[in-house]
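Subject: Structure for you to look at

Hello,

Here is the structure I promised to hand over. Please open it first, then read my notes below.

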Amino acid sequence: MTSSLKGKKIVLGVSGGIACYKAVELLRLLVKEGARVFVVMSRNAKKFVTPLTFEALSRNPVYHKVFDSADSASMEHIRAAEAADLLVVAPATAGTLGKMAHGLTDDALSTLFVAFRGPVLVAPAMNDGMYDNPAVRANIETMQSRGIGFIDPEVGSLACGVVGLGRLAEPEKILAAVRDRLARAWDLAGRQFLITAGPTREFLDPVRYISNPSSGKMGYAVAEAARDRGAQVTLISGPTPLKPPPGMRVFACKTAQEMRTLVLDHLASTEILVMTAAVGDFAPEQVQKEKIKKQGDEPIQIRLLPTPDILREVAKSKTGQFVVGFAAETENLVESAREKLLKKDLDMIVANDVSAPGIGFQSDTNQVTFLDRSGTVEQLPLLSKREIAHRLLDRIAAKLSSNPQTGS
Ligand SMILES: Cc1cc2nc3c(=O)[nH]c(=O)nc-3n(C[C@H](O)[C@H](O)[C@H](O)COP(=O)(O)O)c2cc1C
C-alpha cells in the first residue's frame, strides 16, 4: 500500500513542554511514512530536547534561531518550510497557543507560523488547569475560527503529578489526523454552504411542544467539516445543547416556520444547501396563549396541521443550488428516500434507518445510504458522524467539479 504521506512536505513545530519527547516519536512516524519533515523549534523547546535529535531523525536542518548568521543568510530551508503542505505543532504549549492566536513573533516557531500559508494542525499539551483557563480556551476558539485544526489532548497522568485533561494526544493519533488533513485538501474554498441542523419544536402552549430526539450532531458535523475544507458556512440550528461552532454564521430557531423563513432568506446567497434538520411534520393548529390546564380525567383534543414543507419550497425557488436532503425512515429506507429525492427535486439524499438501535438520533455514529439523481445508491458502513460528513462533502465536491455550473 502506498502511504498517503509519501513525498509530502511537513513542518513539525515543537514548543517547550514536557511532551517534547513525543514529538521525536511523531517525527519518526512521519519520516517512516515517507514525508519530508522540517522541524521548527521554539526557543524554550530546546531546553527539553536538542535540535540535534530532530536534525538526525529528519535529516534536515532544524530551524530554531531567527537571528543566526547561517540561518538568516541562507534562508533556503526556511523557505522550504514555508512552502510545506502542512504545519503541525506538537506539542503546543499554552504560551505558543497564545502567540499563534495573536500573531506574536518572538522565536523561530512563532515567526514561521505567521509566515505560513498552508493548513495548520495543533496538538495542545499542558496541565489541566492551564487547558481550562478561559484565556487558553479563547485562544483555541480564535484559531479554530480561522480554520486551524486541533487534535484534542487526552486524559492521563500529567507532568505535574495529577491525572487530568491535557496530555498530548498519542503520536499515532496525531499521525492519523495529519493523514486525514492532507487527504482532504482545501477543496471547498469559498463555497457558500447553508446547513440546517437539529429538531424543531411545535408549541401547544407556552411550555409544551411536540418535537423529536434529533441532537443536531449530524448537521453540526457537516458544518464543521465544510468549514475545515474552506467553505463559508451558515448554520441554521433548531434547539440543541451543542455549542455554536466557531468560524461560521449561526442562526438559532425553534419552529419549522422560523426555520423556513431563515432558509428562504439565505437561499439566494447559497451554492450548496444541506438540510439535515429533523423538521417536524405537524404542528398544533393553534398555540394556546396560556398553559393548558388539566380538566380532571377529560381527554383533550389537539388538531395538528402539516408544517411548511421547506424542501418543496426550496425546490420551487432555487436557482441552481445543489440541494442535499436527509431522510430519517423506519421502513423501506431506500425506496422512501428515492421517492423523496425525486418528489422534492433534490440532487442527493442521505437516508438513515432511525429504527436501528445505536445509530441515527443522538448517537455519535450513524449508518447511512447516499442516493443521487443518476440512480447511484451507496451504502456506507457504520461510521462516526464526522466521517460521514466528510464522505458526503467528498461526493458534493466531486459533483461540483464535474459540473462547474452546479451550485453557482
Ligand atoms: C518541566 C516543565 C514542563 C513544562 N511543561 C509544559 C507543558 O506541558 N505545557 C505548557 O503549556 N507549558 C509547559 N511548561 C511551561 C513552558 O515551558 C513555558 O510556559 C514556556 O514559556 C513555553 O515556551 P514556548 O511556548 O515558547 O515554547 C513546562 C515547564 C517546565 C519547566
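In what order do the eight strands of the open sheet come? The order is β12-β11-β8-β13-β16-β17-β19-β20, and the pairing is mixed. Before more detail, note that this is a predicted model: local features need pLDDT of at least 70, side-chain atom pairs count only at pLDDT 80 or more, and totals for chains, interfaces and linings use all residues. Residues are numbered from 1 along each chain as its sequence is written.

**The sheet**

Some terms first. Strands (E, at least two residues) and helices (H or I, at least four) are DSSP runs, numbered from the N terminus. Two strands pair if DSSP finds at least two bridges between them. In general, strands of a sheet pair through backbone hydrogen bonds, either parallel or antiparallel.

The edge strands are β12 (249-252) and β20 (377-379), and each pairs on one side only. From one strand to the next, the twist averages 15 degrees. Axes are lines fitted to C-alpha atoms, for helices over the stretch in contact, and angles run from 0 to 180 degrees between N-to-C directions.

Look at β8 (residues 192-197) and β11 (residues 232-237). They run parallel, joined by six bridges. Ile-195 has Leu-235 in β11 as its bridge partner. Helix α10 (residues 217-228) packs on the sheet and touches β8, β11 and β13 (272-275). Its direction makes about 160 degrees with that of β8. Contact means C-beta atoms, placed from the backbone, within 7 Å.

**Helix α12**

Which residues of α12 (residues 310-317) are buried? They are Ile-310, Leu-311 and Val-314. These cover an arc of only 95 degrees around the axis, so they sit on the same side of α12. The arc is that of the directions from the helix axis to the C-beta atoms. On the other side of α12, Arg-312 and Lys-316 are exposed. Buried means 20 or more other C-beta atoms within 10 Å of the residue's own, exposed means 12 or fewer, and partly exposed is in between; C-beta atoms are placed from the backbone. The buried residues pack against α11 (256-267), β13 and β16 (322-329).

A cis peptide bond joins Ala-90 and Pro-91, with omega about -5 degrees. Pro-91 lies in strand β3 (residues 86-92).

Arg-59 is not a glycine, yet has a positive phi of about 60 degrees. Arg-59 sits in the loop between α2 (51-58) and α3 (69-73).

Best wishes

Technical notes: Contact = placed C-beta atoms within 7 Å.
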